[in-house]
Amino acid sequence: MTNLTSIFPNGFAAAIESQDLINPEGAFRTHREANGLLIKDLIADGEIHRVAHVSSKKGSLDGWYILHTSGKVPVGIAGCWKEPTFESKWVADIGRTMSFTERFEHDKWVADLKAKKEAERLASQAVAAERAEDEVGTYADASDDHPYLVRKHISAHGVKIDRAGRLVVPVVNQSGEILSYQTIDAEGNKRFLKGGKIEGGFYELRGNRKIVFVGEGFATCASIFEATGYTVMVAFDCGNLAKVAKAAKEMFPGSKIVIGADNDQFTEGNPGVTKGRAAAALVFGEIVYPSFGDADMVDNKPTDWNDLHCLQGLDAVKEQIERVAGPVRDKLAFEFSRADSLELTEIKWVVDDYIEADSLAQVFGDPGGGKSFVSIDLACCVATGKDWHGHQVQQGAVFYIAGEGHNGLARRFKGWELGNGMSLDGAPLFKSHRAAQLYDATEAALVADSIKTLSAECGHIPSMIVIDTLARNMGGDENSTQDMNSFIQHLDTYLRQDYKCCVLVVHHSGAMDKDRSRGSTALKGALDAEYKCQLDSGSKTIQFESKKMKDAEMPAAKNFQITQVDLPISDKHGNPVKGAYLTSVDISGLVSNIQKKKTIPGNQRIALNCLVAIEQHKRTEGLDGMDVSASYDEWRDSAKGHGLDYRRFKEASAALVKKEMVIERNEVFRTAPPAGEEKPNKDVL
């Protein structure tokens with residue numbers, strides 16, 4: 001017996017009273033308008049009809065729909081030419097499951113419609129291309145005194161003018177064939193030739209091809225061209241940027257591709273920047289978009305490069321573009337030097353033995369592992385010229401790009417001052433107000449511009465730029481090799497190279513492998529130096545260990561004690577707020593004395609180092625010599641943080657006791673004194 005529920009899932013009454021069957025036009029209109037189509041007079045004849053879309057400019061008909069109601073189940077399809085990926089199907093809710101016959105009829109109609117639509121589209125494009133070829137050939141070149149061009153402060157650059165006085169911008173393909181054209185009247189109203197193909201088509205403003213720009217409208221592309229002299233390809237719309245960028249890469253494989261995007265800051269999602277960034281990623285290029293000042297916003301809503309041109313002049317366009325594309329100069333795009341012209345130079349250090357000038361370095365560790373403490377300590381020492389725990393520094397400006405913890409940084413800087421007895425007043429140490437998305441070339445260029453201005457004002461060249469943390473200051477996918485390479489390239493191009501400074505990245509440890517930073521290994525390969533920070537839970541010390549040093553000897557590991565200090569502010573209870581600073585803890589000599597020149601296996605060495613660090617911590621806390629011993633749990637927890645599981649620690653600790661390098665009584669442990677010193681009585685441990 002047939003299950004009626006499967007036929008009428010919404011009930012038999014619903015099938016009888018289905019509003020989609022009673023009024024399919026109304027149901028389709030509601031559904032489509034929710035997706036952005038603006039339909040006035042709906043026609044249900046199974047043919048394609050053009051309508052406006054919410055993203056359309058005034059007068060443009062970028063949307064389309066087809067509604068078929070003559071079959072048993074009404075169905076419609078709609079889309080938008082500006083958004084080629086947006087194409088959706090509507091099927092009437094008839095209150096029951098379609099029968100086999102209805103489903104077959106429906107699927108056949110959809111397939112036939114798609115085939116018909118594609119055939120009509122190709123035929124329409126062929127007719128439009130033939131018409132465009134004929135008409136453009138009869139039009140005269142436009143002159144620079146056309147009202148639209150005068151208002152936009154640009155020249156004609158080879159566009160035509162029709163008999164109605166409208167500018168005509170041809171749309172061509174890679175072979176130079178005219179596909180369609182766009183008309184622009186004196187008021188700036190734009191129209192494309194009906195049926196013409198735009199997707200993948202462009203208009204080229206030909207210039208120097210060392211860099212090829214891809215932009216949206218003709219006016220904004222003309223401003224880019226006039227400011228730089230580089231070739232610019234007009235894509236006509238942000239939805240076409242990716243396809244034109246791909247065409248540019250195929251036509252000019254040796255050129256750098258830069259997307260000159262619109263900054264649609266007043267439109268949700270900023271489609272100009274969003275689609276521009278996607279287009280740049282597709283061809284491994286860059287994106288640059290204009291930024292505007294408060295004065296530009298008075299009575300205006302500027303978005304593109306021509307807006308900047310009209311508001312601030314062509315020099316402003318050139319200046320902002322050069323931040324990303326580099327200075328416009330006549331030189332080889334890819335340069336070489338003879339090997340016999342290379343000079344041998346000694347290593348220039350920002351911090352002797354640890355931080356090299358003109359380098360990319362990284363400090364990584366787990367959250368709370370002390371990486372920011374160490375980075376702040378380095379920054380303050382470099383900015384003030386104070387030796388860094390016994391290592392001389394090259395004083396210079398330090399720029400700390402902070403992505404988080406802005407309130408805590410003020411307390412840490414003050415803690416450093418009080419703990420080190422040095423004031424930061426007047427020191428060339430600068431902290432950012434927000435994170436910087438350095439995966440974005442335009443953002444990186446803006447950061448570089450601020451650093452340049454502040455460096456000139458304070459009279460100090462940057463010695464170090466700290467990025468804390470990578471996750472907050474990247475903006476792209478840290479697991480993507482392509483995104484990470486862009487991030488690294490921008491650090492080099494916009495921050496490191498101009499000042500020959502060190503860019504120090506603060507990053508997180510990997511989720512599974514704590515001995516490396518997380519994300520793409522492209523970063524590891526690009527680093528000149530790398531350091532791991534780990535907070536030892538037993539000794540309460542930060543262990544700072546070198547993991548990579550490309551051009552010098554690996555420096556010795558360091559241990560730092562976090563020492564608290566009262567800040568000159570109080571909490572709501574009147575108690576002083578605590579700050580902290582780092583002090584060095586040297587355990588290397590203690591360990592070597594204990595070892596008595598013996599060689600011990602790796603796990604035993606780790607366990608011994610942990611015990612020595614615990615004792616040293618207790619001594620710095622002011623405890624007397626009889627109280628520096630460690631419980632088994634303290635020792636085990638410290639060793640666990642250094643990779644020794646319970647079994648390995650048990651074996652290592654037992655071996656150290658057996659060798660009399662560690663003295664134990666009732667699960668309380670301390671290191672044995674050096675040879676020649678009296679061993680403590682086990683009864684008083």
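Let's start with strand β18, residues 359–365. Ser 359, Ala 361, Val 363 and Gly 365 point one way from β18, while Leu 360, Gln 362 and Phe 364 point the other way, and all are buried (under 20% relative accessible area, with a 1.4 Å probe and protein chains only). Seven of the seven residues are buried, so β18 is largely enclosed by the rest of the structure. Strands here are DSSP runs of E, at least two residues, and helices are runs of H or I, at least four, numbered from the N terminus.

Before I go on, this is a predicted model, where local features need pLDDT of at least 70 and side-chain atom pairs pLDDT 80 or more, while totals for chains, interfaces and linings use all residues. Residues are numbered from 1 along each chain as its sequence is written, and side-chain values use heavy atoms, leaving out hydrogens and water.

So who are the partners of β18? Strand β22, residues 502–508, pairs with β18 in the parallel sense over seven bridges (pairing takes at least two DSSP bridges). There, Phe 364 stands opposite His 507. Strand β23, residues 529–536, also runs parallel to β18, joined by four bridges, and Ala 361 stands opposite Ala 529.

Now over to the helices. The axes of α7 (218–228) and α11 (314–325) come within 9 Å and cross at roughly 80°; axes are lines fitted to C-alpha atoms over the stretch in contact, with angles from 0 to 180 degrees between N-to-C directions. The two helices are therefore roughly perpendicular, meaning 65 to 115 degrees. Among the residues that meet are Ile 224 in α7 and Val 317 in α11, where contact means heavy atoms within 4.5 Å.

Terms used. Angles under 35 degrees count as roughly parallel, over 145 as roughly antiparallel, 65 to 115 as roughly perpendicular and the rest as oblique. Buried means under 20% relative accessible area, exposed over 50%, partly exposed in between (1.4 Å probe, protein chains only).
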